[in-house]
Amino acid sequence: MPNMNSKAGYIPIRSCVVCKKRSAQTALLPFFLLPAGIIYDLARKINTRHYYHCPACLAGLPKWRKKRAKN
Ligand SMILES: [Zn+2]
């Protein structure tokens, strides 16, 4: 997404994939999926679809991945 000057100071809201709670993007951990596993991209420099989870939900990630793999 292009950087809109008029939106300076705007903090995007993202949902945790595990608990679905919505938080500021900066409070969540961004990652993306490779066949080999989860890769964290904390600087969000990789141009791909990012997923987010809150730090407290780290333990719930394996369950989420399993559920996702079934669909
Ligand atoms: Zn969460």
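**View 1. The open sheet of the predicted model has 3 strands in the order S4-S3-S5, paired in the antiparallel sense.**
This is a predicted model, in which local features need pLDDT of at least 70 and side-chain atom pairs count only at pLDDT 80 or more, while totals for chains, interfaces and linings use all residues. Residues are numbered from 1 along each chain as its sequence is written. Strands here are DSSP runs of E with at least two residues, helices are runs of H or I with at least four residues, and both are numbered from the N terminus. Two strands count as a pair if DSSP finds at least two bridges between them.

**View 2. Strand S3 pairs with S4 and with S5.**
Look for strand S3 at residues 29–34. On the S5 side, Pro 30 stands opposite Tyr 52.

**View 3. Phe 31 has bridge partners in S4 and in S5.**
What is the bridge partner of Phe 31 in S4? It is Tyr 40, and in S5 the partner is Tyr 51. Leaving out residues up to four places away in sequence, Phe 31 touches Ile 38, Ile 39, Tyr 40, Asp 41, His 50 and Tyr 51. Two residues are in contact if their C-beta atoms, placed from the backbone, lie within 7 Å.

**View 4. The largest nonpolar core has 5 residues.**
They are Cys 16, Leu 28, Phe 31, Tyr 51 and Tyr 52. A nonpolar core is a set of buried Ala, Val, Leu, Ile, Met, Phe, Trp, Tyr and Cys residues joined through C-beta atoms within 7 Å. A residue is buried if 20 or more other C-beta atoms lie within 10 Å of its own, exposed if 12 or fewer, and partly exposed in between, with C-beta atoms placed from the backbone. Of the 71 residues of the protein, 10% count as buried. In soluble globular proteins, nonpolar side chains tend to be buried together.

**View 5. Lys 20 and Arg 44 each have a positive phi.**
Most residues other than glycine have a negative phi. Lys 20, however, has a phi of about 65 degrees, and Arg 44 has one of about 50 degrees. Find Lys 20 in the loop between strand S1 (13–15) and strand S2 (22–24), and Arg 44 in the loop between S4 and S5. Lys 20 counts as exposed because 8 C-beta neighbours lie inside 10 Å. Arg 44 has 13 such neighbours, so it counts as partly exposed.

**View 6. Lys 63 belongs to helix H1.**
The helix covers residues 61–70, and the protein follows the pattern β-β-β-β-β-α along its sequence. Is Lys 63 buried or exposed? It is exposed, because 11 other C-beta atoms lie within 10 Å. Lys 63 and Val 18 are 45 residues apart in sequence, and their C-alpha atoms are 8.5 Å apart in space.
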